[in-house]
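Okay, thanks for coming, everyone.

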Amino acid sequence: MAYTFPDHFLWGGATAANQLEGAYNQDGKGLSVQDVTPKGGVAQPGSSSPLITDEPTADNLKLIGIDFYNRYKEDIALFAEMGFKVFRLSIAWTRIFPNGDDQEPNEAGLAFYDKVFDELAKYGIEPLVTLSHYETPLNLARKYNGWANRDLIGFYERYVRTVFTRYKNKVKYWLTFNEVNSVLHAPFMSGGIMTDPEKLSKQDLYQAVHHELVASALATKVGHEINPDFKIGCMVLAMPAYPMTANPLDQLAVREFENQNYLFSDLHARGKYPNYIKRYFKENDIEIQFADGDKELMLENTVDFISFSYYMSVAEAHNPEAYESGRGNIMGGIANPYLEASEWGWQIDPIGLRLVLNDFYDRYQLPLFIVENGLGAKDVLIQGPDGPTVEDDYRIDYLQKHLVQVGEALQDGVEVLGYTTWGPIDLVSASTAELSKRYGFIYVDRNDDGSGSLERYKKKSFNWYKKVIETKGASLYD
Ligand code: BG6
């Protein structure tokens, strides 16, 4: 049944600095963990390759991105043309504190984001800013072993204080860490932890988690002190799981899988470690070291809203070895025979999004924000009547089906602040570091080998999304 989304619903798109800005060494920027990721995927030091490189290498597309750093005006104008109400971007920590442990911020980096926020304001587009999107300063990884070290809390505090203060009248919506739960699965990319994952103990891993959670609560506290009107949220990778069979043991396996994710939203929303994780800690000889004041800080500084990425769901079983395993966004799972998958093996499940929205809302009664959703696909540029374009009906189909489910959740009574598609303009993929895994409404002429004119072309989905926004979702049901 046709449905119109609320007037205040924030429609837009989401990006991350390391995947689109490029200009990795312009205006005093330092290196982040992404800058030493060689072509071909998520880097991880140690025996599980690919290894990180000592220095940036020419084939690392994240160094050049799509040159948003120098083309942001053109790109924001295109977002405005689609009618965006919100644009999610991250601040590259290393533009502000190039080494992470510097005493003073880099003015040129701060000035860049001033210009971006001013440009957005020109079109009435609300910025939604991720403070840390897989961009830990490389120096903090090498010198301190990233978030495994408690000192990171202090460096992060200095950074967030600086940007909160600088942009206090320009930005209202903030996210503390992108996909904060991913550190359990990608400790280097997500947490700057250099230890070989095979040698990384659960104790050290969960201690790193604790440091990030304390830092997130501290950011929430500091942000609200600087501007009480700030809306500060957490950001988790949402991945609902289904039991493979009606065997209760499979449902238990689902519960265990989901608890690993709920831990992060529970802590951000309720401010304390849930009992189920205490049992897990006990059984795995994990004893989290709390500093004085950690408990109170977390309890008193819970988030204003919960945000999440949603691409796919998985299936789980007590005997996973009996099934074909699925491929997926950072976390795996079992291939679900009822679902189709993208070219990269991510299982497409629009109804899963409605379920996630309802589950989070039932659990916390906090507003929710879908800050990533989209389809990575290989696009073919063709000559259209108005110039080069892409007939990306597959992307339209994916987004339409997911948005219809958002509409269902809204009608279920879930409070949803907004929806930002991942990669409204083609950018470098996080997991495979390719440009040929495209998500955008806007095609960028750049190839996996770095060649291309960098021209921007509107795909078919550009006008489709424009109409969805214009009609407040009503055109989804045409
Ligand atoms: C999310 C990340 O996990 O998925 C983004 O927050 C990422 O940074 C997105 O780009 C899509 O993943 P990928 O690997 O296709 O770029």
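**A walk through the model**

Let's start with a pair of side chains: aspartate 101 and tyrosine 144 make a polar contact of 2.8 Å. Before I go on, keep in mind that this is a predicted model.

If you skip the neighbours within four places in sequence, aspartate 101 is in contact with Asn139, Leu140, Lys143, Tyr144, Phe155 and Arg158.

Next up, glutamate 372. The UniProt entry, which is unreviewed, puts its "active site" annotation on Glu372. In the model, glutamate 372 sits in strand S9, which runs over residues 368-372. Glutamate 372 is buried, at a relative accessible area of 4%. Its side chain has a polar contact with the side chain of arginine 88, at 2.9 Å. Who else is around it? Again leaving out neighbours within four places, the contacts of glutamate 372 include His133, Asn178, Glu179, Tyr310, Tyr311 and Trp422.

Tyr311 comes back at our next stop, because glutamine 347 touches Tyr311 as well, along with others including Met312, Ser313, Val314 and Asn336. Glutamine 347 lies in the loop between strand S8, 314-316, and helix H12, 350-364. Despite being in a loop, glutamine 347 is buried, with a relative accessible area of 4%. Which backbone atom does its side chain reach? That would be the backbone oxygen of serine 313, at 3.0 Å. As for tyrosine 310, glutamine 347 is 37 residues away from it in sequence and 11 Å away in space, C-alpha to C-alpha.

Okay, on to helix pairs. H13, residues 393-412, and H14, residues 460-470, have axes that come within 9 Å and cross at roughly 25°. Angles under 35 degrees count as roughly parallel, so that's the label for H13 and H14. The crossing is right-handed. On the H13 side, the residues that meet H14 include Ile396, Leu399, Gln400 and Leu403, and on the H14 side they include Trp464, Tyr465 and Val468.

Let me pick out tryptophan 464 there. Tryptophan 464 is in H14 and is buried, with a relative accessible area of 15%. Beyond its close sequence neighbours, within four places, tryptophan 464 is in contact with Ile396, Leu399, Gln400, Leu403 and Leu476. How far apart are tryptophan 464 and methionine 82? In sequence they're 382 residues apart, but in space it's 9.0 Å, C-alpha to C-alpha.

Last one: helix H6, residues 151-166, and helix H8, residues 202-226. Their axes come within 10 Å and cross at roughly 25°. By that cut-off of under 35 degrees, H6 and H8 are therefore roughly parallel to each other. This crossing is right-handed. Among the residues of H6 that meet H8 are Ile153, Tyr156, Val160 and Phe164, and the H8 residues involved include Val214, Leu218, Val222 and Ile226.

That's my tour. Happy to go back to any of these spots.

Key
Residues numbered from 1 in each chain as written. Predicted model: local features only at pLDDT ≥ 70, side-chain atom pairs only at ≥ 80, totals over all residues. Heavy atoms only, no water. UniProt positions renumbered as here; feature names shortened; annotations may be inferred. Helix = DSSP H or I, 4+ residues; strand = E, 2+ residues; numbered from the N terminus. Buried < 20%, exposed > 50% of the residue type's maximum accessible area, 1.4 Å probe, protein only. Contact = heavy atoms within 4.5 Å. Polar contact = N/O pair within 3.5 Å; in protein donor to acceptor, adjacent residues only side chain to side chain. Axes fitted to C-alpha atoms, helices over the stretch in contact; angles between N-to-C directions. Parallel < 35°, antiparallel > 145°, perpendicular 65-115°, else oblique. Left-handed = near helix turned anticlockwise from the far one by under 90°.
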